[in-house]
Amino acid sequence: MQTNPASPPYTSLVAIGDSFTEGMSDLLPDGSYRGWADVLAARMAASAPGFRYANLAVRGKLIGQIVDEQVDAAAAMNADVVTLVGGLNDTLRPKCDMGRVRGLLTEAVERLAPSCGRLVLMRSPGRQGPVLERFRPRMEELFATVDELAAKHGALVVDLYGAPTLADPRLWDVDRLHLTADGHRRVAEAVWQTLGYPPEDTEWQVPMPATAPPAWLDRRVADVRFARQYLLPWIGRRLTGRSSGDGLPAKRPQLLPYETREVREAYEGRA
């Protein structure tokens with residue numbers, strides 16, 4: 001396979017974070033998740049023979065857990081590219097010490113930046129709706145810290161929060177917390193372009209065509225389903241100090257070659 005001469009010379013990628021980077025809700029037939037990081041790795045592998053990829057992200061992780069469990073492991077891999085997305089789960093908790101969150105994010109960046117060729121941070125996407133409005137000030141404080149750290153340490157920032165198309169509810173799963181497969185694909189494109197690769201989709205930020213809103217009754221039925229299946233269990237975990245990721249391993253804990261079969265599956269979404 002020939003390397004695209006217009007592509008950056010990246011030969012390895014490590015992704016760390018929470019459910020967003022793990023790939024929920026881009027569900028594969030075998031019950032595992034694909035997600036934007038897998039799609040990005042597949043694209044990078046297609047232009048770099050011998051490309052290696054690790055994904056240490058685990059759903060539900062807070063920024064303190066990401067620092068304790070993922071940062072040192074990622075730094076030790078000395079990858080060409082490391083992506084770090086974390087802190088959003090903290091902002092969605094009923095009680096959140098934003099000073100501590102900012103401090104931990106700063107610690108993560110200070111430990112990762114010297115160990116990799118290029119550090120990538122993100123301003124996470126936000127779904128339209130009343131839940132976002134409640135937590136928006138915390139989120140924007142987190143994103144301001146992301147911008148400051150990127151400027152100080154020479155990291156790249158992918159501004160998904162500033163992409164209106166990613167706020168469209170149709171790009172979010174029924175749990176209203178995670179992107180659909182198309183949402184993850186758009187995120188992969190955003191990171192791909194930010195890294196300097198030639199665009200594969202120049203219109204990833206273009207809003208989806210307008211459609212008639214669901215009927216009032218359909219919306220209420222969806223609200224009840226959401227509350228029963230997702231909101232109440234989420235509240236229960238918050239009250240008991242549990243996480244959806246408790247006991248789960250990282251999806252790809254070692255920096256290993258991304259094989260042709262894996263690349264094909266990441267593109268096509270097959271198990």
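Leaving aside its neighbours within four places in sequence, with which residues is Tyr10 in contact? In this predicted model, in which residues are numbered from 1 along each chain as its sequence is written, local features need pLDDT of at least 70, side-chain atom pairs count only at pLDDT 80 or more, and totals for chains, interfaces and linings use all residues. Side-chain values rest on heavy atoms, with hydrogens and water left out.

Beyond the excluded sequence neighbours, Tyr10 is in contact (heavy atoms within 4.5 Å) with Met44, Ala48, Phe51, Asp80, Val81, Arg118, Leu195 and Tyr197. Tyr10 lies in the segment before strand S1 (12–17), where strands (E, at least two residues) and helices (H or I, at least four) are DSSP runs numbered from the N terminus. With a relative accessible area of 15%, Tyr10 is buried, a term that denotes under 20% relative accessible area, computed with a 1.4 Å probe on protein chains only. Although Tyr10 and Val81 are 71 residues apart in sequence, their C-alpha atoms are 7.1 Å apart in space.

Strand pairing, which requires that DSSP find at least two bridges between two strands, links S1 to strand S2 (residues 52–55) in the parallel sense over four bridges, and Val14 stands opposite Ala54 in S2. S2 is in turn joined to strand S6 (residues 252–257) by three bridges, the two strands running antiparallel, and Tyr53 has Leu256 in S6 as its bridge partner.

Asn78, located in the loop between helix H3 (63–76) and strand S3 (81–85), has a phi near 50 degrees, a positive value in a residue other than glycine.

Note on methods: Buried means under 20% relative accessible area, exposed over 50%, partly exposed in between (1.4 Å probe, protein chains only).
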